[in-house]
Each structure stands twice: as structure tokens, then as C-alpha cells.
Amino acid sequence: MTIAAIDVDPQQTFTPLCPDELPVEGGDKIGAALNAQAALAMYRVLTKDAHPSNAVWVVNRHDEMLQPLTHKNADLTWVAHAVPGTQGFETIPGLPAVTEYDHVIWKGIEPDLHPYGACYHDLEEKLSTGLIEWLASKGVTTLIVGGLATDYCVKTTALQLKATGQFDVIVNLEACRGIATETVESACMEMKAAGIHVVINTDAVKQR
Ligand code: VGL
């Protein structure tokens with residue numbers, strides 16, 4: 001068994017440290033749990049949203065968010081977030097420097113793309129980010145996934161990895177925070193239905 005830990009978008013934009021972006025309650029508190037799960041792994045991967053502030057899906061106000069778009073690769077409106085060079089782009093407190101990771105994926109860099117999962121640049125899943133290929137090249141068999149947010153980027157990343165049929169995928173809820181209770185619940189059901197192991201904490205990861 002060769003394990004990789006994946007830190008999905010643990011960025012300040014998804015925490016109360018950036019109230020004008022997409023704050024997720026407790027999002028800044030998962031550093032220790034991400035470090036604990038990484039201690040079980042041979043490799044540690046970081047994914048980061050890296051969005052231009054003039055992207056096609058950007059709206060100015062929070063009450064204009066979550067409107068459906070007809071754009072091929074941007075399904076919903078969001079306020080600007082995770083813009084390189086701003087605080088929101090930076091990782092949360094307590095994590096290693098970016099250069100300490102074994103591999104880093106930046107996603108959503110093009111102004112007309114807003115992917116959630118870390119495996120593809122586009123929503124149609126044609127353009128690989130190289131994450132799957134990198135994990136396969138290292139002989140990784142098992143993934144422990146945490147990060148922000150449970151109901152969007154963590155869910156989609158875990159589903160994409162599981163769909164390859166190449167990995168055993170564990171999502172560690174202690175190392176995740178979600179945007180809304182309802183969507184977290186449905187995300188957990190969807191992940192379990194896909195054969196992903198959704199566990200409550202790092203101790204439960206060890207038992208798997
Ligand atoms: C995310 C909403 C918009 C996430 C990203 O990382 O889960 N959520 N963009």
C-alpha cells in the first residue's frame with residue numbers, strides 16, 4: 001500500500017480570515033488534522049485555486065452568487081476568490097510551505113474555467129491537470145483526502161480520483177469543513193455511494 005495525502009484548497013479564501021470571499025466556518029482550523037493525516041502518507045499533495053479576479057463567473061456581491069451560468073466550464077456565479085497575490089490565495093495557518101509538498105496543482109487559472117475537482121481543468125473533464133498521472137507514476141494505491149470545502153472541491157476531487165478505478169479513496173471529515181450542512185450531507189452520501197470511505201477522524205483513517 002502506498003499512501004498519498006491530498007490537501008484540497010486549504011486556502012484562506014475559504015475561511016473566516018477572508019470574510020468578503022467564501023468563508024467556511026472553521027476552515028482555518030483544519031491545519032493540524034491535515035498534518036496528522038499526512039503523517040500517515042508517503043506523499044503529500046497540495047491543490048490550490050488560482051483564479052483571476054475578472055473571471056467570467058465573478059459577481060460583486062454575495063447575494064448574486066450561486067446563479068446558474070450557461071457557460072460550458074463555469075456552472076455558477078461566485079464572488080472573486082483565491083486570487084494569486086492576495087491573502088485569500090495563501091494557505092491556512094499551520095501548513096508546510098508550498099515548496100515542502102511533494103506535488104502542487106494550481107487550478108482555475110483561466111478566466112473562463114471554474115473547476116471544483118483537482119483532476120481536470122474543465123468541467124467536461126477532458127483536460128487533465130496531471131494529478132492522476134502523477135499519483136500513478138509514484139505507484140500510489142491509497143488516498144487520504146481533506147480540505148475545503150467538503151461539499152464542493154473535496155467532494156469533486158474525491159469522486160474524480162475514485163472514478164479512475166485506480167485508487168482506494170478515504171475522505172477524512174476531521175480534516176475538512178463544508179459550506180452548508182445540507183450539501184455536506186448529500187456530498188457524503190454521494191461519495192459513499194461511489195465507494196469512497198468517508199471517515200470521521202484521523203484515528204478512523206488508521207483503522208482502514
Ligand atoms: C469552492 C466554491 C467555489 C471549494 C471553490 O473549494 O469548495 N467552493 N469555489
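The questions and answers below walk through one predicted model.

Biologist: How are residues numbered, and which pLDDT do local features need?
Modeller: Residues are numbered from 1 along each chain as its sequence is written. The model is predicted: totals for chains, interfaces and linings use all residues, side-chain atom pairs count only at pLDDT 80 or more, and local features need pLDDT of at least 70.

Biologist: Which feature does UniProt place at residues 8-199?
Modeller: UniProt positions are given in the numbering used here, feature names are shortened, and annotations may be inferred rather than shown by experiment. The span is 22% helix and 19% strand, with its end C-alpha atoms 16 Å apart. The unreviewed entry calls residues 8-199 "domain: Isochorismatase-like".

Biologist: Is strand β7 largely enclosed or open, and why?
Modeller: Helices (H or I, at least four residues) and strands (E, at least two) are DSSP runs, numbered from the N terminus. A residue is buried if 20 or more other C-beta atoms lie within 10 Å of its own, exposed if 12 or fewer, and partly exposed in between; C-beta atoms are placed from the backbone. Seven of the 10 residues of β7 (residues 168-177) are buried, so the strand is largely enclosed by the rest of the structure.

Biologist: In which sense do β6 and β7 pair, and what is the hand of their crossover?
Modeller: Strands pair if DSSP finds at least two bridges between them. Strand β6 (residues 142-148) and β7 share six bridges, in the parallel sense. The chain goes from β6 through helix α3 (residues 150-163) to β7. With the strands pointing away from the viewer, a path running clockwise from the first strand over the helix to the second is right-handed, and this β-α-β crossover is right-handed.

Biologist: How many residues of α3 are buried?
Modeller: Helix α3 is mostly covered. Gly 165 follows α3, with a positive phi near 75 degrees. The buried count for α3 is 13 of its 14 residues.

Biologist: Which residue in β6 is the bridge partner of Ala 4?
Modeller: Strand β1 (residues 3-8) has five of its six residues buried. β1 pairs with β6 in the parallel sense over six bridges. In β6, Ala 4 has as its partner Leu 143.

Biologist: How many charged residues are in the shell around the ligand?
Modeller: A residue counts as near if its C-beta atom, placed from the backbone, lies within 6 Å. The residues around the ligand include Asp 9, Asp 49, Trp 78 and Leu 148. Ala, Val, Leu, Ile, Met, Phe, Trp, Tyr, Cys and Pro count as nonpolar, Asp, Glu, Lys and Arg as charged, and the others, Gly among them, as polar. The shell has seven nonpolar residues, no polar ones, and charged residues numbering two.
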